[in-house]
Structures are given as C-alpha cells and as structure tokens.
Amino acid sequence: MSEFLNTPEAPHAPGASIRHTRDKGEPRFPNGPKADPAGSHFERRIRSFQPRRSRVTAGQADALQRLWADRGLDIDGQLTLDLAELFGNTNPVVLEIGFGMGEATARMAAADPDTNVLAVDVHTPGQGNLLNLADHMGLTNVRVGNGDAIILLREMLTPDSLGGLRVYFPDPWPKKRHHKRRLIQPEFLTLAATRLKPGALVHCATDWEPYAEQMLEVLGAHPGFENTVPDGGFAPRPAFRPLTRFEGQGLDKGHVVNDLLFRRVQHGQHGHHTEEHREHDQRDNDQSSTGA
Ligand SMILES: C[S@@+](CC[C@H](N)C(=O)[O-])C[C@H]1O[C@@H](n2cnc3c(N)ncnc32)[C@H](O)[C@@H]1O
C-alpha cells in the first residue's frame, strides 16, 4: 500500500505535468470536477480557503478524468444528498474537510473499511491524488467532494446524517485581520452540530498553537459538543490518525501539534439542540450571511 502513497502517478511519468491548450471557456477537465461548482450565488461568503490555480500532474489529471464520474461530487449546493446512494451502502459517513493531498485520508479509509469517508477540498491536484490513491488501494469507501464544505453542510446534507467530522490542519490564517476566515468558529460548529448524529466524534488537529487554543475554547463552550478528554484539554494524537503532509511540514519547523476529540452530545442534552436547529434555519434564510 505504501508505495502508492508515495508515487500515485502511474501510468504517467512521475511528476509530469499536463499542458492545457484549451480554447477559451473550455472546461479544464471535461469529465472531472467543475471549476466553481456552486457558482457566483455563493460568492459573497467569507471563505476559509484561498482559491488557487495549481499545477495538476498527468497522473492526477488522468484520475480526475477517469474516476470523477464514479467517485467525485461537485458541491454545487443544488441537491440534497442521499449518502447511502452515494456510497452504495448504509455504513456511517465521516466528513473530512480539507484533505490536502489525501494521504492520511486514504490510510484511514483503508484501516476502517466499514466507515465511509466523504473527503472535501477545493484543491484540484489533491482531488486527483486522492482519487488515484483510492483507486490503487482498492478503496470503495471514499468519495471526493469538490467545493466549499460549508455549502455541502448547509445545502446538501440532512440533519443527523454524519457519523463524524475530521478537520486536520485547517489553514491557520495567522494574521489577525484574517482570523474571520478560520473554519473552526462558533457559527461553523452550530451548523456542523445539526448535521452530526448524537455521539459522533469531531476530531481536529493543528500545529498552530493560537488556533489550537481557539479550537479548544469554542468547542469547549459550544453546547452541542463535549470534550472526550476528562480534564477538558487537548487529546494525545490517537493511533488511528496518521501524520499528514502539513503536519510533517509543521513538525519540521518545530511546531507543537495538538489534537482535539469532541463528541456531539445527545439530542436534548443541555436543552440546546432545538435552539441550534432554529438558529441554523434562520441562517439559511439570510442570504447576506457571511457563513463560517
Ligand atoms: C493546510 S491544508 C491541510 C491539508 C491536510 N489536511 C494536511 O494536513 O495535509 C488545509 C486544506 O483545507 C482546504 N479547505 C479550507 N477550507 C475549506 C472549505 N471550506 N472547504 C473545503 N476545503 C477547504 C484547503 O483547500 C487546504 O487544502
């Protein structure tokens, strides 16, 4: 398995890039992910990612073209997902937001074949890489989402549909004026709480200590979640989470990594669930909302 994690480029030469000699308006990947699946309707949102146009290798492009129709999902905000239909079974579905190049995603999916992983990112090379990994490793429990996870949560997932949430090394947005772009905020948690089943695990990790403190604070204060760590602090990295690519870069710089393991509380516990739904519905009706 590990050789695929390092060289998912076959049958093309490793690292070979493809040249795009397209006519104006022609899609980059006709059978692959759409460039901006949700379209301008959602453009006013303050987003947690920076749109970037990145080089796609030949192997990644091949995977996008070949596998997207079966294993990809454009997050266009237009339909409500039937997750059993998407995965072809009724196993629990864990949402991973921001999988990067997908190496950790693939390893975790391989280690737990009875859990479906809906892995979402906007990063096209990573989408191709994860599709390639899933293909080479024979993983049937991975689907790759293309677009903003906030739109997926708000528009396309039903209440209580997720068995877990993973957010590993989200963009730290270190500058103060960018803090509003950070994903883990009270509004985001309120939305996520409505989509998570009671008992679902929320697993976050970051190598940016001020963000780790913020995560601990907002998760700890949110009525929809409880810390699985008895003293209410950070969790040791669980054995089931492999090192990620960004984590490796952070460790090389001497950063400290913190994991957070929280659980979605039972409905009615603390008496807040109904209120969360009401708050969420209100946000759905407010088109001018900036989102998380
Ligand atoms: C710093 S990278 C970490 C990647 C990976 N988890 C790792 O540890 O190597 C964060 C990723 O989150 C993605 N991202 C940020 N906000 C997102 C959102 N709202 N929806 C989907 N992906 C998002 C970015 O595109 C980026 O690839």
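How many helices and strands are there in the chain? There are ten helices and eight strands. Keep in mind that this is a predicted model. The chain has 292 residues, and 42% of them are buried. Of the contacts between residues at least 6 apart in sequence, 83% join residues at least 24 apart.

Now the sheet. Its eight strands form an open sheet with mixed pairing, in the order β1-β4-β3-β2-β5-β6-β8-β7. At the edges are β1, residues 72–74, and β7, residues 225–227, and each of these pairs on one side only. On average, neighbouring strands are turned by 20 degrees against each other, with direction ignored.

Strand β2, residues 93–97, runs parallel to β5, residues 162–168, and three bridges join the two. In this pair Glu 96 stands opposite Arg 166 in β5. β2 also pairs with β3 in the parallel sense, over five bridges. There, Ile 97 stands opposite Val 120 in β3.

Is β3 buried or exposed? Six of its six residues are buried, so β3 is largely enclosed by the rest of the structure. Asn 116, Leu 118 and Val 120 point one way from the strand, while Val 117, Ala 119 and Asp 121 point the other way.

Helix α5, residues 124–136, lies across β3 and β4, and runs at about 170 degrees to β4.

Next, the core. The largest nonpolar core has 66 residues, and the members that touch the most others are Leu 130, Val 142 and Leu 165. Which helix gives the most to this core? It is α6, residues 149–156, with six residues. Seven of the eight residues of α6 are buried, among them Ile 150, Ile 151, Leu 152 and Leu 153. Arg 154 is also on the buried list for this helix.

As for Leu 130, I leave aside its neighbours within four places in sequence. The remaining contacts of Leu 130 are Phe 99, Gly 102, Thr 105, Ala 106, Ala 119, Val 142 and Val 144.

On to the ligand. There are 22 residues around it, and those that come nearest are Gly 98, Gly 100, Phe 169, Thr 244 and Phe 246. By class, the shell divides into twelve nonpolar, five polar and five charged residues. β3, α6 and α9 each supply at least two residues of this shell. Helix α9, residues 245–252, gives the most, with three.

Last, two backbone values. Most residues other than glycine have a negative phi. Asp 160, in the loop between α6 and β5, has a positive phi near 60 degrees. Trp 173 is not a glycine either, and its phi is positive at about 40 degrees. Trp 173 lies in the loop between β5 and α7, residues 186–195.

How many C-beta neighbours inside 10 Å does Trp 173 have? It has 18, and therefore counts as partly exposed. Asp 160 has 14 other C-beta atoms within 10 Å and is partly exposed.

That is the end of my part.

Technical notes:
Residues numbered from 1 in each chain as written. Predicted model: local features only at pLDDT ≥ 70, side-chain atom pairs only at ≥ 80, totals over all residues. Helix = DSSP H or I, 4+ residues; strand = E, 2+ residues; numbered from the N terminus. Buried ≥ 20, exposed ≤ 12 C-beta atoms within 10 Å, placed from the backbone. Contact = placed C-beta atoms within 7 Å. Core = buried A, V, L, I, M, F, W, Y, C linked by C-beta atoms within 7 Å. Pairing = 2+ DSSP bridges. Axes fitted to C-alpha atoms, helices over the stretch in contact; angles between N-to-C directions. Near = placed C-beta within 6 Å. Nonpolar A, V, L, I, M, F, W, Y, C, P; charged D, E, K, R; others polar.
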